[in-house]
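Trainee: I'm new to this one and would like to learn how to read it. Could you walk me through it, one feature at a time?

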2 protein chains.
Amino acid sequence: MAKIQGKKNSTKKEVIIEKASKLFREKGFGAASMRDLAENVGVEAASLYNHIQSKSEILQTICFKVANEFMTNLEQVESSSESTLKKMEAIIRLHIRMMLDQYEFIYISDHEWRHLPEPYLSNFLSQRRSYRKRLGDIIEEGIAKGEMKHIDPYVAVLIILSAVSGIDSWQRSRKSTSAEALETNMVKYLIEGLKK
Amino acid sequence: MAKIQGKKNSTKKEVIIEKASKLFREKGFGAASMRDLAENVGVEAASLYNHIQSKSEILQTICFKVANEFMTNLEQVESSSESTLKKMEAIIRLHIRMMLDQYEFIYISDHEWRHLPEPYLSNFLSQRRSYRKRLGDIIEEGIAKGEMKHIDPYVAVLIILSAVSGIDSWQRSRKSTSAEALETNMVKYLIEGLKK
DNA sequence: GAAAAATACTAACAAGTGTTAGCCGTCGAT
DNA sequence: ATCGACGGCTAACACTTGTTAGTATTTTTC
């Protein structure tokens, strides 16, 4: 029953989702067609439906895979016994690294979630809201403990998340700056801005 | 020859572009249809073509209007005789304010430029590259003059532009934080991260 | 090797896409 | 009063969309 198609030991469904993520990023979810996708997979459009149920199921899979991964990692950080600054640094580094090596998935989760059908859309947004809230709580704690400067936690979260998400416009022109330098400099900037 | 339709003294073409910007933001350029737009304007789809030439002409108009506005303001700042820190602060404040009161236009210019047809796409991207380069030059000068901490200028620009662009996800949930507080806190964070 | 399950294909659907042609009414200018 | 431009309308075009039915072909299981 299992199939070992594609390049490595991955389901055809996984291959489809991988190709789709590349396509969705390039053209946007709305402008990417199933016939486009089929051609990239090397198959006729109708054949895709033996592995997936609909176009938007692909989007759902990608968005929630990313959301869950971030959520899981946040819980791990939260339950650690580091300082609040170290916690934020860990989260920032994680975001940067995921952006670097799961670029396509994260880009789509960041930019194409608008096209999720209900009730997934509401679900996704509520998960996102919760994530940001919990990041804000860490910063609030950091301020209370005197480890961070007095700043609106929500604005700080906004800046941090937007900044790492902006790496997408670096991805193409990765000429001058290396990945390590990018991470180092970003952490420097973003953490210095928090420190008291 | 001029017509005084819409609400204020604005051309019908301007009304169309305004409605379109709202629609493109909500559904994305690809998913927004001309019939959708027509309905919002209060007219049949075909009638739109008495005022515009194509769907993508609308996108071009919006994208280049925004790009030119930013470019003009950058030139003004560049030619001033303020310190490099003041220059960056002025630019950041300008970005935030434009994001607040020209939200729809800027959002589209930020997120939907991918759908520009050539040669406008290349043109747009080159203008964007130039803008970032010149911002980076200001920061480089700030470092050389000892006003800013040693940081990769390109990364700093990336962070700043992404952060202000991220205000879009604030726009909807503008409950807790006021516009002034948002600006104050953002400037605080972003400038503190630069200062030596 | 036969039976069964999985997955490919072709053809087609109903709906929606941007856009054009051609027509008709409403104005302001001559 | 007439002309001509303007801007609205209806119909239609040529295509693309996501998706389904039905059938053939390949692959797995026994």
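Trainee: Let's start with B:Leu23: is it buried or exposed?

Mentor: The general idea is a cut-off on relative accessible area: buried is under 20%, exposed is over 50%, and partly exposed lies in between (1.4 Å probe, protein chains only). B:Leu23 counts as buried because its relative accessible area is 6%. Keep in mind that this is a predicted model, where local features need pLDDT of at least 70, side-chain atom pairs count only at pLDDT 80 or more, and totals for chains, interfaces and linings use all residues. Residues are numbered from 1 along each chain as its sequence is written, chains are lettered from A and ligands numbered from 1 in the order in which they are written, and side-chain values use heavy atoms, with hydrogens and water left out.

Trainee: Where is B:Leu23 placed, and which residues does it touch?

Mentor: B:Leu23 is in helix 1 (residues 12-27) of chain B. Helices here are DSSP runs (H or I, at least four residues), as are strands (E, at least two), numbered from the N terminus. For touching, contact means heavy atoms within 4.5 Å. Leaving out residues up to four places away in sequence, B:Leu23 touches B:Gly28, B:Ala32, B:Ser33, B:Asp36, B:Leu37 and B:Asn40.

Trainee: What about B:Thr84, buried or exposed?

Mentor: B:Thr84 is in helix 4 (residues 84-101) of chain B, and it counts as buried because its relative accessibility is 1%. Its side chain also makes a polar contact of 2.4 Å with the side chain of B:Glu147. A polar contact is a pair of N or O atoms within 3.5 Å; within protein, one must be able to donate a hydrogen and the other to accept it, and residues adjacent in sequence count only if both atoms are side-chain atoms.

Trainee: How do helix 4 and helix 6 of chain B cross?

Mentor: We compare axes, which are lines fitted to C-alpha atoms, for helices over the stretch in contact; angles run from 0 to 180 degrees between N-to-C directions. The axes of helix 4 and helix 6 (residues 120-144) of chain B come within 8 Å and cross at roughly 145°. On the helix 4 side the residues include B:Thr84, B:Met88 and B:Ile91, and on the helix 6 side they include B:Leu135 and B:Ile138. This contact has 6 nonpolar, 3 polar and 2 charged residues. Ala, Val, Leu, Ile, Met, Phe, Trp, Tyr, Cys and Pro count as nonpolar, Asp, Glu, Lys and Arg as charged, and the others, Gly among them, as polar.

Trainee: How much area is buried between chain A and chain B?

Mentor: The size of an interface is often given as the accessible area lost when the parts come together. Buried area is that loss (1.4 Å probe), summed over both parts. Between chain A and chain B it is about 3,200 Å², with carbon and sulfur atoms giving 59%. A:Arg114, A:Ile159 and A:Tyr189 supply 24% of what chain A buries against chain B, more than any other three residues. The contact takes 38 residues from chain A and 38 residues from chain B.

Key: Buried area = accessible area lost by both parts, 1.4 Å probe.
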